[in-house]
Amino acid sequence: MCRGLDSLPSTCLERAKELKALFGSLLQKSDHSLNSQAKKNEKHKLNREEPFTWKESFDKLLSSQNGLCLFRAFLVSEFSEENIAFYLACEDYKETKPSKQAAKARNIYEEFVRSDAPREVNLDHATKAITKENVEEPTESCFDLAQSKIYSLMEKDCYPRFLKSPTYLEVTRKVKSG
């Protein structure tokens, strides 16, 4: 599943190709076939309108498992997958039990925020400093500032490019001609 924090980018790329093919094949089938195919793919719940909802807002894209997966694959192709990985790590962190927050906060900080982190996200010095302080005594909201900066970066920069990408345009073209 693409949403998982431990998923490999290749898994997401494979899922993106699957989605593209599945949208195309679903559109060529009758409504009866579409319903039986949807039952087989229940956990992905594909429908004809879904790709168009992704264009309505960045939040709608992120709230769709299929949209998120396709977006993540797009970010991998642009060498900026760390942004969505960080965002999702922060979302996951918010659900962490208080007893496990300290370790998880350190891991997220070390992987994404500190200078020269393996998957360093693009944050200004002040945000990094505030986040570092927050991680020293972690709370549920210790990554909120950094997460909001990365969300804004993706919404203003990556999301518009995604909507113009060949993959997204091909999926919507297949839906329209279906």
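Predicted model: local features only at pLDDT ≥ 70, side-chain atom pairs only at ≥ 80, totals over all residues.
The largest nonpolar core comprises 37 residues. Within this core, the residues with the most contacts are F71, I84, F86, F143, M154 and F162. Several helices contribute: α4 (58-63), α5 (65-77), α6, α7 (98-113), α9 (144-163) and α10 (166-177) each provide at least two of the core residues. In soluble globular proteins, nonpolar side chains tend to be buried together.

When residues up to four places away in sequence are not counted, F162 touches W54, L61, L70, F71, F74 and Y168. One of these, F71, is itself among the residues with the most contacts inside the core.

Helix α6 spans residues 81-94 and contains E81. Because its relative accessibility is 9%, under the 20% limit, E81 counts as buried. Apart from neighbours within four places in sequence, E81 is in contact with R72, L75, V76 and R119.

Most residues other than glycine have a negative phi. F79 lies in the loop between α5 and α6, and F79 counts as exposed because its relative accessibility is 75%, over the 50% limit.

The other residue is D116, located in the loop between α7 and α8 (125-136). Although D116 is not a glycine, its phi is positive, at about 65°. With a relative accessible area of 66%, D116 is likewise exposed.

Technical notes:
Residues numbered from 1 in each chain as written. Heavy atoms only, no water. Helix = DSSP H or I, 4+ residues; strand = E, 2+ residues; numbered from the N terminus. Buried < 20%, exposed > 50% of the residue type's maximum accessible area, 1.4 Å probe, protein only. Contact = heavy atoms within 4.5 Å. Core = buried A, V, L, I, M, F, W, Y, C linked by side-chain atoms within 4.5 Å.
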